[in-house]
Amino acid sequence: MLGTFSSIPIIDWGRLQDPETKAAALDELREAIFVVGFLYLTNHGLEDLIKRTHARLPELFDLPTEVKEKCNMINSPSFVGYTRLGAETTASKTDLREQYDFGTPNMKKWTENEDIWWRLEGESQYPDVPGVKELVEEYISESATLSHEFMRCVSESLSLPPNTFASFKGSMDRLKFIKYPQSPPNSQGVGPHKDSAGLFTFLSQDDTGGLQVLNKNGEWIDAPPVEGSLVVNIQQGLEAITGGICAATTHRVIAPTTRARYSIPFFLGVRMDLTLDQLRESAAHIVARIPVSDDQKKRAVDVPSEFLSPLYSCFGEAYLRNRIISHPDVGQKWYPDLYEKYTKQALS
Ligand SMILES: O=C(O)CCC(=O)C(=O)O
Ligand SMILES: [Fe+2]
């Protein structure tokens, strides 16, 4: 256990803020992101908010079925809302979890003359429980602030201007509350995947365990709970911005066997209208600074990346495909033609 644990770097946010330690901490950050591919962030200032939010999760999943179903994702062309156990698919297998998806509030309403993928940015649905909307909005707002600062540090770690990644940022970030119920041994909580909504994921897990990450050697290693930390994953948006050089973190959750597990991932969003061609141009100067790392073994066993596929015209379309495949009932209801098209397409 110790060996696998020590292979995931811990980055102390405090050290990135302190002028005395910043330079060394930026080196550690660069190594963690571009050479290892994932990290734990500690000392980030959201500890109290995370604790308060975790404390409310059991109650939200114990609500009567009709209260949860009232905000079911099936009502939402933006794929936000409640997903019951068994309604989600990853790597062609059913996931054993239930969850609520939310997004940044006050999105502009989609109109028919706009490209269809802008419809992914829409208003959230909340369970009808006092204080939940406010808590979600506070969590999203605090996480967005932290993640913007984090991206500035990532730029600085590559000796690039701090706002280098800002122009890739989308307007809607996403947040999920997840429950994995107690399950038979070796059940799939969520199957192997790369996060698809954007740039980085900041994941808070409880103390149950079960998260695993694919390392550069192509081995699944445990990412055990570290109290108060956020697990930071690279998403497909950053992978595309770096021309595929900085591969998205592939991860999965083995369902818990002795009690329920709860987690809260925050997904920093990417711009829906970015095309691969635009990226190639704008990314060249970023890519030139990324340290070389060998991940051939990981790539040999990895899951595909939608954003890098020439099948899709822009991030928005690739993300829409990902949502439709993950939530087939919602996809079929709101995008029947695209559902037909995407379920027949194989990613190369
Ligand atoms: O629950 C977790 O720890 C991971 C969740 C996850 O990977 C996801 O929902 O994208
Ligand atoms: Fe994920």
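**View 1. Leu211 sits across from Val253 of strand β13.** This is a predicted model, where local features need pLDDT of at least 70, side-chain atom pairs count only at pLDDT 80 or more, and totals for chains, interfaces and linings use all residues. Residues are numbered from 1 along each chain as its sequence is written, chains are lettered from A and ligands numbered from 1 in the order in which they are written, and side-chain values use heavy atoms, leaving out hydrogens and water. Strands here are DSSP runs of E with at least two residues, numbered from the N terminus. Strand β13 covers residues 250-254, and β10 pairs with β13 in the antiparallel sense over three bridges. To count as a pair, two strands need at least two bridges between them in DSSP.

**View 2. Strand β10 has its side chains pointing two ways.** In a regular strand, side chains alternate between the two faces of the sheet. Here β10 takes in residues 211-214: Leu211 and Val213 point one way, while Gln212 and Leu214 go the other way. Are these residues buried or exposed? All are buried, meaning under 20% relative accessible area with a 1.4 Å probe, counting protein chains only (exposed is over 50%, partly exposed in between).

View 3. Strand β11 is made of residues 220-222 and pairs with β10 in the antiparallel sense over three bridges. Look for Gln212 bridged to Asp222, and Leu214 bridged to Trp220.

**View 4. Now the open sheet of four strands.** Its order is β8-β13-β10-β11, with antiparallel pairing. At the edges are β8 (188-194) and β11, each pairing on one side only. On average, neighbouring strands of this sheet are turned by 20° against each other, direction ignored; the axes are lines fitted to C-alpha atoms, and angles run from 0 to 180 degrees between N-to-C directions.

**View 5. Ligand 1 has 13 residues around it.** A residue belongs here if one of its heavy atoms lies within 4 Å of the ligand. Which residues are closest? They are Lys176, Tyr180, His251, Arg261 and Ser263. A polar side-chain atom of Tyr180 is 2.6 Å from an oxygen atom of ligand 1, and one of Asp195 is 3.0 Å from a ligand oxygen atom.

Key
A polar contact is a pair of N or O atoms within 3.5 Å; within protein, one must be able to donate a hydrogen and the other to accept it, and residues adjacent in sequence count only if both atoms are side-chain atoms.
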